[in-house]
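Have a look at the fold before reading on.

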Amino acid sequence: MVSGIDYIDKDGHVSEEFVGLILLPIVGNAAEHATAITVAMKDKMDLAIGVAVGSSLQISLLVVPLMVVASWCGVGDATLSLSFDGFQIAVLFVSMLLVNYVVHDVKSNWLKGTLLMWLYIIIAIAAWLYPMKSTPALIFSSNPIYR
């Protein structure tokens, strides 16, 4: 799935930010999304939010740092770094603020769900319109400086 990103970036005129922020998480976490929607429809919002936020925490606190360290040790072709540009940092910051607001009090209502959906739509539109770079991706960089 990840190896197909280059094909989509070059031939489909889709920015890598859109693929990395929108398409990959939807496809890669389809089972978790289905579980969260199922338990949310049964009015178990604490479990639904726990599934959604838990998956994000697992990726950000375990998988990404582990992959960066593994790439530094020479595993694989690409050298990974945690160097993010301003757009990626802004998306992360705004997402953290809104999720913190939603999970701060355990109660949930339609307004909080609507806020999360609108934030996702805004991020998707911004990632779609984000200008494509001619240089390699920041995370999957083959730049010898990071080696």
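## Chain and helix pair

Residues 24 or more positions apart make up 62% of the chain's contacts with a separation of 6 or more, a contact being heavy atoms within 4.5 Å. Bear in mind that this is a predicted model, where local features need pLDDT of at least 70, side-chain atom pairs count only at pLDDT 80 or more, and totals for chains, interfaces and linings use all residues. Numbering starts from 1 along each chain as its sequence is written, and side-chain values use heavy atoms, with hydrogens and water left out.

The chain has six helices and two strands, in the order α-α-α-α-β-α-α-β. Here helices (H or I, at least four residues) and strands (E, at least two) are DSSP runs, numbered from the N terminus.

Of the 147 residues, 22% are buried, meaning under 20% relative accessible area with a 1.4 Å probe, protein chains only. The chain exposes about 10,300 Å², with carbon and sulfur atoms supplying 72% of that; the areas come from the Shrake-Rupley method with a 1.4 Å probe.

Now for α3 and α4. Their axes, lines fitted to C-alpha atoms over the stretch in contact, come within 7 Å and cross at roughly 165°. The two helices are therefore roughly antiparallel, the word for angles over 145 degrees.

| Helix | Residues | Contact residues |
|---|---|---|
| α3 | 30-41 | E32, T35, A36, V39 and A40 |
| α4 | 45-72 | M45, L47, A48, V51 and S55 |

By class, this contact of α3 with α4 has seven nonpolar, two polar and one charged residues.

Key:
Buried means under 20% relative accessible area, exposed over 50%, partly exposed in between (1.4 Å probe, protein chains only). Axes are lines fitted to C-alpha atoms, for helices over the stretch in contact, and angles run from 0 to 180 degrees between N-to-C directions. Angles under 35 degrees count as roughly parallel, over 145 as roughly antiparallel, 65 to 115 as roughly perpendicular and the rest as oblique. Ala, Val, Leu, Ile, Met, Phe, Trp, Tyr, Cys and Pro count as nonpolar, Asp, Glu, Lys and Arg as charged, and the others, Gly among them, as polar.
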